[in-house]
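Thank you all for making time this morning.

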Amino acid sequence: MTSPNVISIDIGSTFTKGAVFALDAPHPSVLRRAACPTTTDDLRRGFSQVLAALCGLPTETPWQEIRPVAPVRFCSSAKGGLGIVAIGLVPDLTLQLARLAAMSAGGKIVKSFAYALTASDVAELERVRPDIVLFCGGTDGGNTAYVMQNAARLAASRFEGPIIYAGNRVAADRVADILRPRPVAVVPNLMPEINVVNLEPVREKIREIFLKVIVAGKGLSEIVQRFQTEARPTPLGVYELMEAIPRIRPDWDDVCAIDLGGATTDFYSNTESFLETDSVVLKGIREPRLKRTVEGDLGLRVSAPALLDSAADYLAAALKRVGLSEAALREYVARLMRDPGHVPDGPHEKTLDALMAEACVYLAARRHAGSFRETYTPQGRVYLQTGKDLRRVRRVIGSGGYLSTCEDSGLMARAFRQLKVAGPEIVLAPEHPVFYADAAGLFPLLGNLVAVSPEAAVTLALDSLKPLELQESPC
Amino acid sequence: MENPTQKPTIILGVIGADCHSVGNKILEMFFTNEGFKVVNLGVMVSQSEFIDAAIETDAGAILVSSLYGHAEIDCQGFRERCVEKGLDSILLYLGGNLAVGKTPFDVVEKKFKAMGFDRVFPPDVDLKEVAVLLRKDLAERSQLQPAPCP
């Protein structure tokens with residue numbers, strides 16, 4: 001039996017936050033909270049300040065001397081997240097699955113490659129220096145030529161980090177031989193047959209590598225040893241929380257969450273991806289019920305310049321709506337680049353932040369959701385579905401520094417409404433969503449609790465959500 | 001061809017906007033019983049879906065069905081696309097109601113062979129005969145192929 005209390009700490013890229021939770025059923029509660037800026041040179045200092053505060057000790061207590069009042073669990077998105085390069089064969093098949101597996105394991109795709117790796121692909125891979133290379137291709141018994149050739153290219157590269165091979169089983173031994181002495185882990189194929197999806201072994205291996213290899217830097221491994229705990233990528237915790245919510249509370253099925261941050265926008269959904277009917281035909285892979293996507297070009301601070309390009313059209317229309325110029329937005333983003341810690345000053349800057357947040361929500365949802373294309377056949381009208389159907393999603397949760405402070409649903413509702421006028425394709429966005437804010441900012445911390453007590457984590461999460469009324473003012 | 005069971009892999013599907021699914025299921029059962037590893041993509045399959053599946057599974061043949069009379073438009077450029085994607089020597093079979101009206105079958109066959117299909121079958125073909133031809137063609141192709149990568 002575990003202790004009824006747990007300490008949860010989240011080492012974010014900007015802040016290190018923590019809380020002590022009492023897990024007593026049926027009314028778990030938050031006993032104490034603490035936060036301080038993340039000490040990026042040595043993560044232990046920020047960690048110990050928060051832990052000391054949570055244990056009622058002076059914050060300057062050295063970490064070696066802290067006797068925690070409860071078991072400690074922590075997660076980290078330090079270093080800007082877990083960077084993964086995905087290598088697959090066909091873009092719509094194994095490569096697409098590799099991307100989904102990496103993102104649902106808490107990773108961020110920094111680059112992906114299809115078919116045969118070229119010399120310049122390898123140079124690019126060496127340049128982006130991923131934490132992990134996820135390498136696959138071919139169904140079991142299918143194509144071996146590409147993975148063999150790509151294995152040789154990887155073996156000749158300067159990349160020396162961990163490689164996960166999740167491709168054609170028939171080639172696995174030879175691929176591992178070619179890649180040795182590099183650290184290569186062979187797991188079952190993520191697409192053993194066409195239309196059969198097997199992401200779990202890859203996800204498990206990514207988690208394991210994160211624990212063993214990635215946390216070793218910046219003092220995290222000492223924390224792990226000292227407090228007899230394990231570390232996980234922050235988004236993986238949130239992913240597990242999103243898995244647990246409908247499992248523990250079936251009335252909360254068909255749910256989405258958006259975590260909008262400075263560098264990325266993460267979108268989570270837990271709903272059936274495809275409902276078979278006579279008039280809908282699914283094209284491409286059947287996506288998993290629980291899905292996470294991460295958009296590295298959508299964010300309010302570090303990624304703001306990338307957002308200006310990616311969301312140019314959306315932002316232009318939004319600026320027109322509020323009567324501000326594009327020049328004003330560019331100037332504001334330039335200012336954010338000079339001073340990333342800048343807090344919006346005055347109504348103009350607040351409006352610009354709100355417009356950027358709206359654009360992030362819109363594009364993250366647009367890319368996460370699937371679509372319908374209408375075609376007429378001799379048998380009548382048929383819809384071709386690609387990607388995931390989110391129409392039945394009833395609840396959308398906004399999390400992260402910006403969305404958790406929303407006072408009303410205006411911003412998210414506006415972005416979602418725009419999905420319905422997206423052109424020739426019908427975006428399969430939630431039809432009648434109700435919006436919530438993770439107002440207490442507990443989601444990342446509760447992610448750590450799911451493995452200990454999913455009931456307590458889900459109860460605390462749902463109790464802390466603030467339902468957002470529909471208002472048209474910007475938040 | 002390289003798969004654990006040593007069964008030849010074939011891709012099956014109904015091309016274009018065609019939703020006829022009964023014959024497709026029968027073909028899947030038949031070729032499976034004949035000892036092929038069948039990857040059935042079902043109905044309303046596009047050219048690129050056939051080709052992508054063939055690449056990932058290292059299939060030796062693509063068997064295309066068309067029942068609704070639009071085969072000519074749907075199959076246009078199929079062989080060229082295979083070549084572009086590196087499937088230079090894959091076998092392409094086509095069968096079904098391939099033209100509307102009373103066009104003699106030899107005219108239909110000639111047209112689709114000119115498009116690059118290796119064999120073309122009318123709707124009433126004996127499937128046993130197709131299986132025999134398929135095994136023979138696959139055996140010939142595999143002798144033409146360069147040895148697989150070491």
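Predicted model: local features only at pLDDT ≥ 70, side-chain atom pairs only at ≥ 80, totals over all residues.

**A walk through the model**

Let me begin inside chain A, where Arg414(A) and Glu358(A) are both buried. The side chains of Arg414(A) and Glu358(A) meet in a salt bridge, at 3.2 Å from N to O. The pair links distant parts of the chain, since Arg414(A) sits in helix H14 (residues 410–418) of chain A while Glu358(A) sits in helix H12 (residues 346–368) of chain A, 56 residues apart. In general terms, side chains of opposite charge can pair when their charged atoms come close.

There is also a network in chain A, in which salt bridges that share partners join Arg73(A), Glu204(A), Arg207(A), Glu230(A), Arg232(A) and Glu240(A). How many salt bridges does a search of the whole structure find over all chains? The count is 39.

Let me set two further examples beside the buried pair. In helix H6 (residues 200–212) of chain A, Arg203(A) and Glu200(A) lie three residues apart, which is about one turn of the helix, and their side chains meet in a salt bridge of 3.0 Å, N to O. Arg203(A) has a relative accessibility of 10% and therefore counts as buried, whereas Glu200(A), at 47%, counts as partly exposed. The other example is the salt bridge between the side chains of Arg45(A) and Asp41(A), at 2.7 Å from N to O. Here Arg45(A) is partly exposed, because its relative accessibility is 42%, and Asp41(A) is exposed, because its relative accessible area is 56% and the cut-off for exposed is over 50%.

**Where the chains meet**

Now I turn to the two chains together, where 26 residues of chain B are in contact with 32 residues of chain A. The size of an interface is often given as the accessible area lost when the parts come together. For chain B and chain A the buried area is about 2,100 Å², and carbon and sulfur atoms give 55% of that area. Between these chains there are two salt bridges, and one of them joins the side chains of Glu193(A) and Lys37(B), at 2.7 Å from N to O. The count of residue pairs in polar contact between chain B and chain A, both at pLDDT 80 or more, is nine.

Which elements of chain B supply at least two residues each of the side that touches chain A? They are strand S2 (37–40) and helix H2 (47–57) of chain B, and the largest share, six residues, comes from H2(B). Sorted by class, the side of chain B that touches chain A has 13 nonpolar, five polar and eight charged residues.

**Aromatic pairs**

Over all chains the count comes to 14 aromatic pairs, and I will describe two of them. For Trp252(A) and Tyr436(A), the ring centres are 5.1 Å apart and the planes stand at 55°, so the pair is tilted. Trp252(A) lies in the loop between helix H8 (234–248) and strand S11 (255–260) of chain A, and Tyr436(A) lies in strand S19 (residues 434–437) of chain A, so that this pair links parts of the chain that are 184 residues apart. Both Trp252(A) and Tyr436(A) are buried.

In chain B, the rings of Phe50(B) and Phe78(B) have their centres 5.7 Å apart and their planes at 50°, so this pair is tilted. Phe50(B) belongs to helix H2 of chain B and Phe78(B) to helix H4 (residues 78–84) of chain B, 28 residues apart. Phe50(B) is buried, with a relative accessible area of 0%, and Phe78(B) is buried, with a relative accessible area of 0%. Together with Phe112(B) and Phe117(B), Phe50(B) and Phe78(B) form one aromatic cluster.

**One last residue**

I will finish with Leu190(A), in the loop between strand S9 (184–186) and H6 of chain A. Is Leu190(A) buried or exposed? Leu190(A) is buried, because its relative accessible area is 0% and the cut-off for buried is under 20%. Leaving aside neighbours within four places in sequence, its contacts include Thr94(A), Leu97(A), Ala98(A), Cys136(A) and Val202(A). Leu190(A) and Ala98(A) are 92 residues apart in sequence, and their C-alpha atoms are 7.5 Å apart in space.

Notes
Residues numbered from 1 in each chain as written. Chains lettered and ligands numbered in written order. Heavy atoms only, no water. Contact = heavy atoms within 4.5 Å. Buried area = accessible area lost by both parts, 1.4 Å probe. Salt bridge = Lys/Arg side-chain N within 4 Å of Asp/Glu carboxyl O. Polar contact = N/O pair within 3.5 Å; in protein donor to acceptor, adjacent residues only side chain to side chain. Helix = DSSP H or I, 4+ residues; strand = E, 2+ residues; numbered from the N terminus. Nonpolar A, V, L, I, M, F, W, Y, C, P; charged D, E, K, R; others polar. Phe/Tyr/Trp six-rings, centres within 6.5 Å; stacked < 30°, edge-to-face > 60°. Buried < 20%, exposed > 50% of the residue type's maximum accessible area, 1.4 Å probe, protein only.
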